[in-house]
Amino acid sequence: MKRTITCTINGKRKELTVDVRQSLLEVLREQAGLISVKQGCAVGECGACTVLIDNVPIDSCLYLAVWADGRSIRTVEGESRDGKLSRVQQAFVEAGAVQCGICTPGFVMAATAFVEKHRGRKVTRPDIRPGLAGNLCRCTGYDSIITAVQKSLDEGDEP
Amino acid sequence: MFNIESYRKAGSVAEAVRLLRENPLARLIAGGTDVLVKLRKNQEGFHHLVDIHDIAELKCITRTADGDLVIGAGSCFTAVAESPLIRRYVPVLAQAVRTIGGPQVRNMATIGGNLCNGVPSADSAPPLLALNAVLTIEGGAGPRQMPLEDFFQGPGRVALEQHEVLTAISVARDNYAGYYGHYDKYAMRAAMDIATIGCAAVCRLEDGRLQDLRLAFATAAPVPIRCKATEDRVRGRRISPELLDDIARAVTKDLQPRTSWRATKEFRLQIIATLAHRGVRQAILEAGGSIA
């Protein structure tokens with residue numbers, strides 16, 4: 001049940017042969033080697049597998065790989081530029097928003113989408129919480145994560 | 001890998017109907033947030049799929065020349081919640097779908113899928129019931145229309161034949177113009193949770209009277225349901241605190257909540273009365289009414 005799909009992964013155009021039974025998560029980890037994409041619950045509750053499809057966050061565990069045909073995928077591996085962390089990544093470091101780390105790639109991608117969507121708008125901490133409601137951190141480091149998102153939003157307009 | 005035995009991608013609604021007719025075991029997959037969870041659990045009945053995920057004609061949200069709203073069944077909840085038309089004309093629906101899952105789920109899950117699953121807890125159902133929504137269903141012989149109220153037949157059972165596709169959900173102008181609404185959901189968590197009780201109240205006021213009330217609940221009966229007896233009882237009555245108390249008492253007789261691991265029947269009855277009171281009150285305030 002193979003299909004050939006063409007998509008952009010972290011800015012690079014790729015042609016992949018995928019099985020229609022595969023989730024995007026499986027293809028990203030096993031074929032593209034992008035192991036930042038974690039499988040947690042596998043049923044769309046924990047957000048550890050969050051990636052951006054055309055800049056929109058989705059759970060890649062509940063996304064058929066064939067649906068990625070013609071689309072642009074972003075994972076945490078593609079967020080830094082020339083060794084420099086993205087603003088959201090840097091904010092996570094500065095806020096101490098990483099504990100065990102397994103939820104972090106998913107959180108960074110959900111936060112990145114949130115920050116890009118809300119740039120230039122006034123956003124409060126209570127606004128950020130529902131924006132990250134699709135991600136669980138079992139170390140319960142939520143407060144630092146929300147601080148990181150706030151920092152990313154507050155730091156002007158430079159990329 | 002998901003245990004998918006056959007997979008056909010449909011490029012149009014007509015093709016989806018044809019592919020469903022070709023394989024009587026096949027069923028639709030749209031957003032995937034329910035079907036793929038069921039496949040993950042290897043649940044029977046989901047191994048043959050017709051994919052309508054990418055059909056553009058199912059994703060439009062429009063307003064006709066007559067002012068009727070037409071929501072493509074394949075619209076994801078984010079698209080519904082952020083649609084300027086929905087926010088302006090039926091904000092109660094935007095309010096309800098924002099309570100579903102988290103952002104990632106709302107970016108994928110479709111409003112049509114929510115209705116076709118037929119679960120009692122569907123958050124999109126109470127506001128759409130309260131707006132007298134009508135469904136458009138395509139089965140190959142031209143579209144048929146059906147009131148949403150007649151669609152729900154039992155837990156997980158809806159009036160959709162195996163070869164049919166729900167294409168659109170419509171709200172006629174007369175059913176929303178002059179009406180104001182409120183949706184309230186009680187759940188253990190503020191996000192990523194299923195409604196213990198969901199309540200949509202939609203009303204129209206005139207001269208301090210409740211000219212019309214439409215009240216609908218999720219998880220309060222085997223199907224999402226309207227409270228017709230309560231609505232008839234209070235229609236035309238003067239707005240007062242006593243009226244709200246009366247609604248909260250009457251509404252439990254319209255419903256049959258059950259005990260589950262989430263909540264007991266007794267607890268749900270308590271929440272039903274509270275949400276009815278609060279929901280009608282909020283809807284009246286939205287409509288510019290005052291409660292002496």
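## Chain contact

Chain B places 19 residues in contact with 25 residues of chain A. Contact requires C-beta atoms, placed from the backbone, within 7 Å. On the side of chain B that touches chain A, α2 (35-40) and α6 (103-106) of chain B each supply at least two residues. Helices (H or I, at least four residues) and strands (E, at least two) are DSSP runs, numbered from the N terminus. That side of chain B holds 11 nonpolar residues, seven polar and one charged. Nonpolar covers Ala, Val, Leu, Ile, Met, Phe, Trp, Tyr, Cys and Pro; charged covers Asp, Glu, Lys and Arg; the others, Gly among them, are polar.

The model is predicted: local features need pLDDT of at least 70, side-chain atom pairs count only at pLDDT 80 or more, and totals for chains, interfaces and linings use all residues. Residues are numbered from 1 along each chain as its sequence is written, with chains lettered from A and ligands numbered from 1 in the order in which they are written.

## Sheet in chain B

Four strands of chain B form an open sheet in the order β11-β12-β13-β14, with antiparallel pairing. Pairing takes at least two DSSP bridges between two strands.

Nine bridges join β12 (residues 197-206) and β13 (residues 209-218) of chain B in the antiparallel sense. B:Cys199 has B:Phe217 of β13(B) as its bridge partner. Helix α13 (residues 265-286) of chain B packs on the sheet and touches β11, β12 and β13 of chain B. The direction of α13 makes about 35° with that of β12(B). Axes are lines fitted to C-alpha atoms, for helices over the stretch in contact; angles run from 0 to 180 degrees between N-to-C directions.

## Nonpolar core

The largest nonpolar core has 149 residues. Such a core is a set of buried Ala, Val, Leu, Ile, Met, Phe, Trp, Tyr and Cys residues joined through C-beta atoms within 7 Å; buried means 20 or more other C-beta atoms within 10 Å of the residue's own. A:Ala111, B:Ala16, B:Val80 and B:Cys203 have the most contacts inside this core. Helix α3 (residues 104-118) of chain A gives the most to the core, eight residues.

What does B:Cys203 touch, leaving aside neighbours within four places in sequence? Its contacts include B:Tyr179, B:Leu210, B:Val280 and B:Ile284.

## Domains of chain A

An automatic or database assignment gives chain A domain 1 (2-77) and domain 2 (87-154). Their centres, taken over C-alpha atoms, are 21 Å apart.

Methods
Contact = placed C-beta atoms within 7 Å. Buried ≥ 20, exposed ≤ 12 C-beta atoms within 10 Å, placed from the backbone.
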